[in-house]
Every structure is written in C-alpha cells, then in structure tokens.
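Me: I have a structure I'd like to go through with you. Can you take my questions as they come?

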Amino acid sequence: MTDAPAPIALAAKSRGPWPLSLVVGGALTVVVVLTALIAFVWTPYDVEAVDIAAKLAAPSSTHPFGTDHFGRDVLSMIMVGAQNSLAVALVAVGIGAGIGVPLGLTAAARGGWVDELVMRGNDLIFAFPALLLAVMITAVMGPGAINAIIAIGLFNIPVFTRVARGAAMGLWTREYILAARTAGKSKALISVQHILPNLMSLLVVQAAIQFAVGIVAEAGLSYVGLGAQPPMPSWGRMLAEAQTMIGFAPWLAVMPGLAIFITVLGLSLTGDGLRDLFDPRVRRER
Amino acid sequence: MSVLDIRDLSLSIGSTPILKKVSLSVAPGEILGLVGESGSGKSMTSLAILGLTPPRAAVTGEIRLNGQLISGATDAALQKVRGRDVGIIFQEPMTALNPVMTIGDQVAETVRLHKGVSRKEALAVARAVLDRVGLPAERFPLSRFPHELSGGQRQRVAIAIAIALTPRLLIADEATTALDVTTQAQVLELLKRLVREDGMGLILITHDLAVVAETADRVAVMKDGELVEEGDTRRIFTGMTHPYSQRLLANAVHAPTRKAAVQHDAPPVLQVEGLVREYAGARRLFGKADAFRAVDDVSLSIQPGESVGLVGESGCGKSTLLRAILALETPQAGRVLVRGRDITAARGAALKAIRRDIQVVFQDPYGSFDPRWTVARLVAENFHLLDAQPSPAEARRRVDQMLEQVGLPASAGDKYPHEFSGGQRQRIAIARALITDPAVIALDEAVSALDVSIRAQILDLLADLSSRLGLSYLFVTHDLTVVRAVTDRLLVMQAGKIVEQGQTAAVFATPSHPYTQKLLAATPDLARNIGALDAAHKETVR
C-alpha cells in the first residue's frame, strides 16, 4: 500500500558515465571562471588605457577581439567584465539561497500561519517583474554593482523558498522524519540534519540555473545603465555602447554577446547535467 | 488444449539469469496459483507471457497462447494479443488507472483498440462489463473518475479492462495484496466467478499461500527463477515434496515460541484514556467546519511484557491512534500515560524522558531511514533522548552491541541503509528503537512488507527480545495471521472506535462483534483452507 513519492534526487548509486550536458557545460563554465580569475593578475592591455590611434580596430593579432571607440582592447574588457558578471550573479544566488532556503524549510516545518505568511510574502515579490524591481531599487539607491546584486538577490529569494518548501513538505511525511521526531529532535534540528542534506542536490541544480539567470539579469541591468558603473567594464554596457557602431564595428557587439551566450549556456547545461546526475529516474530514461 | 503452454522459458539480463527453464501450462477454466518470494521470477514470467520483458533481456524457450506461438513474435503482433487474448491486473489500484480518464472511457479504450468499433458501441460494451464486475450503472455511471472510487472499486475497474474482450487468459499479479481483507475476499470471489462463467484460465500470482489455498486449482512454487514444485492444490498443501516449498509453508504459519511473562499485577506500561483525534473537514462559508473524528474516545492499556495487537482495515484510525500515542500528533482530548507519565502534556526534557520508554518500528524498510546517514549514526539518533550524551566512542560501542543483539554484524554500522535487504533493515529499525532501553515498542505494520521467511525470522527476533528484556509490544496491523501468532491480547478497531477486545485466542475462537466476525471470515486462513481441501478430498474419495 506504499504510495510514497519517488525519492527526491537521491545520490546516483551506479556510477555510470557523466551526462554529456554536464561535461560540456562544466567545461564552458570552467573556461569562463578561469578567464575571470586570470584577469585579476593579467590582461593583454590595461582596460582603462585609452589609445585613440588604435580606435575601432578590427580583430587582429595585436587585438584578437578588436578595440572600441576609445581604442581599448575588447578582449581585456571582456576578461575583466567576466569578474563583474560572475561576482554579481554568484552573490545574488548566495543571497537568494541564504535567505530563501531557511524560509522555505521553516515554512515546511511549521506550516499554518508561518507557512501562509512566508508564501504570501513570496507571491508579493514574484508579482513584481524582476527588471522593474531592479529599476525600483536602483532608482531609490542609485545605480551600481552592489545595488544590482541586491535587486537580483531579492528576486532569487522566492525561487529558493518555493523549491525548498515544496521538496521539504514531501520529506516531512517520510518515516525517517517520524523516527527522528520520536528521537525527540526539534523541527529545526530535523530540518538541518535530515531535510537539508536530502534537498542539497535539488538546491545545487536550482543554484546553477539561477546563476545563469543572474548573468542575464546583470547584463540587462548594465545594458540600461543600472549595473556596474564606468570605468568598470561590464558585458551589458559594452553591448549598449556597441549598438550605435554595429554597422561598421560589429565585433563590439558580437564579442560581449558571445561571452554572455557561452556563460549562460555553460551554466544552464551544468544545471541540467547535475539534475540528470542526481536524479536516478532521469538517468534511467536517458 | 491448454490456454497457455510455456516450455523451457529462460530469461537473462546481461549475465544474470532471471528465469531458468520454466515450464507451465494453464487449462481453460483453471486457476493456477503462482507463488514465491520476492525475486523468485513470478512477475517476470507474467511479463514474458505478455512480451513485456525489459529491452535488454535475452529470452529463450516457447510460449504458446491458445496453441499459437507468441514467443519471438514482433511487438506489433504482440500488441494484438495483449488485451484481446491475455488480460492482466496489477497490484496497485491507485496507479493502474489513468486519473484524468473516466472509467467508461478506460474500459472502452481496450474495446475500440481491438475491435475497431465506434465509441458508442465500445461504451455499451464497457457498461456491460462494469455491470459484470459488480459496478452497477445506477451507482457507477461511465462518467465516474478513478479518484471517486475506493481501492476495491478501482481494482474492479482494472478487472473490467482486463476481461472486456473475454480473453482466454487472465493474469492477476498480486492483484489483491494492497486491498483490505474484506475487499480482498470480494475481489477473489469475483475472479473465481468470472473464470467459471467465461472458462478462461487465470494465473494468480501472489506471495500469500492462504489466498492460493482457497482460490487455486493448481499451485506452482517458484524460487530464484526456477519452478521448484507444481501440482494439484491439495497435494501441494498436504504433501509438499520440495524442501523449499515445505519451508515456505512452515514460515507462512510460523508462530514464534514465546515465554508468557506478562506481569498482570504491575502497573501498566502504556495507558490510553479517552483519546480523541479530530481533523478539520472542508471549511464552510458560514458556521463551523465539519470535523472528522479519526480516533473516537479510545482507551486501552498494556501490561509489562505483554504483546497487544491493534487490528483494523485501512482508514479505521489505527495509524492516527498510533501517532497520537507517540506524541507525533496532538489529540483533542484524552491522555496517553507511559509508565504513568502523560506524553501528551509533556514538553522539553520531560517529553524526552518519556520518549525513551516508548519507541516505534515503521512498516517501510526502505522509507524509514535517511539514505544519507550511516547505520551507526541512524541507530545512535535516539541517544538524543538521553540527558547526558555518550562520548562518540561509547556511543559506537553501544550501537555495535545493539546491532549484534538484533543479529547483525557490528561492521554493519559503517554501511548505508541501501546496502541491506528488507529484513536486515527491519533489524536496524529494531536496534534503533531498542537503543534507549524502552518499555514499549510500537510496531506499525512492521512485518507486512517482508517475505514470509524473513517475516518469520523477525517475529522470532521480537519474541526473543521480549522474553529477554521484558518488552511490551503494540502490534498495529491489518494482518490477522501475524497478530494471532504473536500477541496475547487483541483490540479490533473500526471507524475510530475499539469495537472488541480480549485474549487473542478467545477473540479468534468466539468473536462477539459483527465486524470482528466479518473480518475473521474474510481473512484467508491457511490452516482452515488446508483443512477444507482435505475434507473436500475425502468427500470425493468416498
């Protein structure tokens, strides 16, 4: 008579080959992260060095990605821009998970009015379009990378709350949770010791997806001028500036566009791959 | 001519043999009981008949249906056979039906697929078939959805789908296992009637020997993919020749030897007084919500060393009662005293002290452990109830000692739950319950999911622990056979109330409440059935 739901993302028991999406996505992500790290110690050119003589140079051996209208090296700007994008998205995911997961676990554990309060608060944030929310925050607090982080992070909270609450609710009916309760453990302790570890794989997958969403959101905010401010390079602003020159200097738009594309693709594939890896049901069907 | 003829059917997946040279036949109008424990290959045999073996399985041998060779046939050819010549009913009535299709459409679907008739004609057939399986039009119109039906009614719909085209062969794979005993008895009766009326062959796959003894004409016993014994039901049950079948039968009727050590004069270890547990029903626009009383003014008590059974069908409130006793749910009224202390009123350290004395073993040997914890950590979880936590080394020493007590090697502590079999996991659950040295252990269907041989071992272990440690048990179960074998006293629960209680033997001998009588009559009783088989045989011989 067991009508129990299938286990939520149990660790894969049979160590088969890794999902292709994880291998490809992981490789792309590693390339992007390495690029950002290398930019801390070395870039081909100084990103703030203006060289009007070499302005709008097409990609060549001296400037592999070309130069912009101030003669700045596009490759260097993209490398440093990666730092900005990754940092904003990473911290925003951290904020979302750091606040959202405990909220979701609490809502699932307590139920009743606590659950109601948390979930209606969630709906409130969800109801605002993410970009509008960001515009509001930056309008009040002024543009800048920090405020972009807060805006994107805030948007991430309900996503993590929902995922954590939904999965935790399923786990609370399991017999091992009942057994832990007969061991006299408080709901908070059970949430930390039993629920959270069993949700981890699910949350890691969600984090990878939110990371990708965060990159796009950051680029969008920078594009409308609400993200990182000059002279700090950012992919979104590079795209915005390239707009008027796309006819005669297409590389200015193509290069940051590709950077965003590769990063988001890499992270999304990683998320999909991790889900396949963690979820034995998806694995079998592959 | 036989309906089904299987010759030397072998099946392997990779290098693992699943079936080894199985030969079987079923005559028209005959019920063949196919019994065996989990992993014996009985379900795989039925899937092979339908050509539904896993994609990587290598199959050899011959399967003939109505004389027509179907082994090795193409999938397109087999699709015509499935549903038309062979019908199958699975165990789980909850998932066997499509929840978004009406029952009429689901039965009609099979008809339309094979007969190519119009929807209207197919629905007319569906109506007739549903009438035949005991779902009359006035109460069960074709427009009903599965969620509006009970488990037994859904199983009737599944049967209707299987017999809609009057197949020559019907396969019932544990089709009554998930049902309550009274419903099970009705469904078995229905299957017998259909076999008689249509003259089809029926393969009744089950682990329950008592069901086979009262239903089947012939019995085949499987073990590890081999057919170890086959013959007339009476012959099998009165004179089994193969040691495995003999062991199977012995385990099925196994009653552990228990030393009567009930301390009648001592104060009770568990006392429940006037317990009420209500659930709020659907909210009304005006006025108070309807309340559903799952547990209605229940009182009971258990003496030290006593083993008490609490039986009833699903939905009778026994699980809710158990949860209230374990303080997992708060009752609306009444008290639960564990060694004189009220668990419902206690909080904090006082509650922990009471919890040490009452522990629980759950049904599902797969769901009752956190898959990410080692066995040692799981068993040690209840140390949380102690005022002073033992040191890690001391905790481990006590865990290892406890694992040995329940018949597991101490090295088990470093492994994870999924590395153990169902019976071993139940031993781990018992070790976890025992680690704080409790006075009472509640067993929530604790042996229901186990094969008979494993069940016999666990019952022996429980009996042994009880006599050594003076433990009291509260067996909460729907399985009367188990209760009869291991309890001193019996409580029968129906619709939230205890309707009958008394010494187990006395209740079984002279049940006084009509519900108890109905329950006992519906419960397949192996000894009684074998006796009846023998009597019928003597009758015919004379």
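Reply: Go ahead. One term before the sheets come up: two strands pair if DSSP finds at least two bridges between them. Also, this is a predicted model.

Me: OK. What's the strand order in the open sheet of chain B?

Reply: The order is S6-S7-S8-S3-S9-S10 in chain B, 6 strands with mixed pairing.

Me: And which strands stand at the edges?

Reply: Strand S6 (86-89) and strand S10 (226-232) of chain B. Each has a single partner strand, so one side of each has no neighbour in the sheet. From one strand to the next, the twist averages 15°.

Me: What packs on that sheet?

Reply: Helix H9 (residues 243-252) of chain B does, touching strand S9 (218-223) and S10 of chain B. The direction of H9 makes about 100° with that of S9(B).

Me: Back to S6(B). In which sense does S6(B) pair with S7(B), parallel or antiparallel?

Reply: Parallel, over 4 bridges; S7 of chain B covers residues 169-173. B:Ile88 stands opposite B:Ile171 in S7(B).

Me: Switching to helices. At what angle do H5 and H6 of chain B pack?

Reply: About 15°, with the axes 10 Å apart. H5 is residues 151-163 and H6 is residues 181-198. Angles under 35 degrees count as roughly parallel, and H5(B) and H6(B) are therefore roughly parallel to each other. The crossing of H5(B) past H6(B) is right-handed.

Me: Which residues make the contact?

Reply: From H5(B), B:Gly151, B:Gly152, B:Gln155, B:Arg156, B:Ile159 and B:Ile163. H6(B) contributes B:Thr183, B:Gln186, B:Val187, B:Leu190 and B:Leu194. By class, the contact of H5(B) with H6(B) has 5 nonpolar, 5 polar and 1 charged residues.

Me: Now the contact between the chains. How many residues come from each?

Reply: 23 from chain B and 21 from chain A. On the side of chain B that touches chain A, helix H11 (348-355) and strand S16 (358-361) of chain B are the elements giving two or more residues. H11(B) gives the most, with 3 residues.

Me: What's the class make-up of that side of chain B?

Reply: 10 nonpolar, 6 polar and 7 charged residues.

Me: You mentioned S16(B). Are the residues on its faces buried or exposed?

Reply: Buried, on both faces. B:Ile358 and B:Val360 are on one side, B:Gln359 and B:Val361 on the other. In a regular strand the side chains alternate between the two faces of the sheet.

Me: What does S16(B) pair with?

Reply: Strand S17 (residues 440-444) of chain B, running parallel and joined by 4 bridges. The bridge partner of B:Val360 there is B:Ala442.

How values were computed. Residues are numbered from 1 along each chain as its sequence is written. Chains are lettered from A and ligands numbered from 1 in the order in which they are written. This is a predicted model: local features need pLDDT of at least 70, side-chain atom pairs count only at pLDDT 80 or more; totals for chains, interfaces and linings use all residues. Axes are lines fitted to C-alpha atoms, for helices over the stretch in contact, and angles run from 0 to 180 degrees between N-to-C directions. Angles under 35 degrees count as roughly parallel, over 145 as roughly antiparallel, 65 to 115 as roughly perpendicular and the rest as oblique. A crossing is left-handed if the near helix is turned anticlockwise from the far one by less than a right angle, and right-handed if clockwise. Two residues are in contact if their C-beta atoms, placed from the backbone, lie within 7 Å. Ala, Val, Leu, Ile, Met, Phe, Trp, Tyr, Cys and Pro count as nonpolar, Asp, Glu, Lys and Arg as charged, and the others, Gly among them, as polar. A residue is buried if 20 or more other C-beta atoms lie within 10 Å of its own, exposed if 12 or fewer, and partly exposed in between; C-beta atoms are placed from the backbone.
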